[in-house]
Amino acid sequence: MREDFLHFLWRQARFDLRDLKTTTGDTLSIQDFGRHNQDAGPDFSGGQLRINGMQWAGNIEMHLKSSEWYTHRHDTDPAYDNVILHVVLNEDEPVYRSNGERIPCLELHGRIPAGILRVYWRLQHNENWIPCHYQLEKITLPERQEWLNQLTEIRLSRKAGRFTQRMENTHRDWEEAFYQSLARALGGRVNADAMDMLARSLPLRILLKHKHSLIQLEALLFGQSGLLPAVSPGEDPYLVLLRREYALLKTKYGLRPITATAWRYLRLRPNNFPTIRIAQLAAMLHRTGQLFGKSLAAADAKELTNMFEVKLSNYWRTHYRFGKAGRAGQRKLGSGTIRSILINTIAPALLAYGEQRSDRRFRDRAIELLQTIPAEDNVILRKWAELGWAPLNAGESQALLELKSNYCDQRRCLECAIGCQLLSRSYNREEDGPLLTLNEEASVWGLLNQA
Ligand code: SF4
């Protein structure tokens, strides 16, 4: 049993409000339940009540047992001096303010509707892929879409926050932050950290000085990656040239390469090898240079996608790794990787930029971009599709990934619009009955406590 269940009941006024009395027998009426406070301090602020006809305004604090007031040391915290009501499941001990006054207490025990308690219990105690698996069909399409839209924004805002942090770390250089973020996205799941490290070891301003020479861009990036192989007899002249260029540029800029052990090849398709991704990054910089500015100016997803369609140098059209010739080909970025760049770099960068400038048009563009590109495809999204919730675009696939990992897996059903709908509906269902008897409730609490 968790305290946030009491928060839900209070927030939604889903308990028996008839004939309310404090535990000392004073009559109580609630005019305003207040605002839920997610930060430190009392659980709800701005509440308004009448106790025995006297008007009160202030904060409301909640606990399962009243004695938690002392366990949590609220008695010594001035932030709790303005608590006008203590809402608890059970009052096991009276609670006093520092001036010796007893804090009015409302017990919810005996006031919780049976339907809500049952639905809550089912959500918290089952082993389905998502706890509301069998109730999902009760959610209407508009309800689903509204929540998915909110989740898309929640996830995008978190990514934009990370982009802003990167921008702050690069002395507010948007191009530098974008280049680092793009390098990370190019690394995919396996080499994201290594690509990130590589980009941070090699500032964009250095690369841009050599933008017009693809061989120098490759020399800088491969040299810094630590992937340049040692000299071997009869090696390709390309390697000799790369090594020579890197030696000069390394001294000129005082560069220190990262370690080659950062890179992974295992279980990767050759097109996703880090060597190919580094060659693609070099080609992008050679072709476009200031990628962030270009992204801001791009009219739509098609134009953005075109930015990443680059031609590799001759060596990398016939190799996947240094010294090993492979099938000849263009080695283009796959549609999945481009989609990942649009989702994880471009949309967050647009939102971050719009927030810094207080310009909502960039936020709208970021959301529109996600809604324009196709949904991702992975094992989680296929499972959602089996439940009848197949995503229609990348905005929805991002929302469903957010829902599964940050809500369902953590059983945050009380903070989820779907969970709140299911619980609120159960309140109105007559077959559930308005309230449990005290004995029934005690047995449910017993089950909850054992679980
Ligand atoms: S978090 Fe929401 S969608 Fe996930 S199981 Fe709970 S109620 Fe269902």
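Student: Where is R267 placed?
Tutor: R267 sits in the loop between α9 and α10, where helices (H or I, at least four residues) and strands (E, at least two) are DSSP runs numbered from the N terminus. This is a predicted model, in which local features need pLDDT of at least 70 and side-chain atom pairs count only at pLDDT 80 or more, while totals for chains, interfaces and linings use all residues. Residues are numbered from 1 along each chain as its sequence is written.

Student: Is R267 buried or exposed?
Tutor: R267 counts as exposed because it has 7 C-beta neighbours inside 10 Å; with C-beta atoms placed from the backbone, 12 or fewer others within 10 Å make a residue exposed, 20 or more make it buried, and anything in between is partly exposed.

Student: And what is its phi?
Tutor: R267 has a positive phi of about 60°, although it is not a glycine. Most residues other than glycine have a negative phi. R331, in the loop between β8 (324-325) and α14, is also not a glycine and has a positive phi, near 55°, but R331 counts as buried, with 24 C-beta neighbours inside 10 Å.

Student: Switching to helices, how many residues of α5 are buried?
Tutor: Twelve of the 13 are buried, so α5 is largely enclosed by the rest of the structure. The buried residues include W174, F178, Y179 and R184, and what covers them includes α4 (141-169), α6 (188-201) and α14 (335-356). Helix α5 covers residues 174-186 and reaches 18 Å from its first C-alpha to its last, close to the 18 Å expected, which is 1.5 Å times one less than its number of residues. Just after α5, G188 takes a positive phi of about 65°.

Student: What surrounds the ligand?
Tutor: The shell, meaning residues whose C-beta atom, placed from the backbone, lies within 6 Å of the ligand, includes L123, P131, C132, Y407, R412 and G419. The elements that give two or more residues to it are α17 (394-408) and α18 (417-428), and α17 has the largest share, three residues.

Student: What about the protein as a whole, how many helices and strands are there?
Tutor: The protein has 19 helices and eight strands. Its radius of gyration, taken over C-alpha atoms, is 29 Å, well over the 22 Å that the globule rule gives for 451 residues, so the protein is more spread out than a compact globule; that rule is 2.2 Å times the number of residues to the power 0.38. Along the principal axes, the C-alpha atoms fill a box of roughly 95 × 50 × 40 Å.

Student: Which domains are assigned?
Tutor: The assignment, which is automatic or from a database, gives domain 1 (3-129 + 433-450) and domain 2 (170-333), with their C-alpha centres 58 Å apart.

Key:
Two residues are in contact if their C-beta atoms, placed from the backbone, lie within 7 Å.
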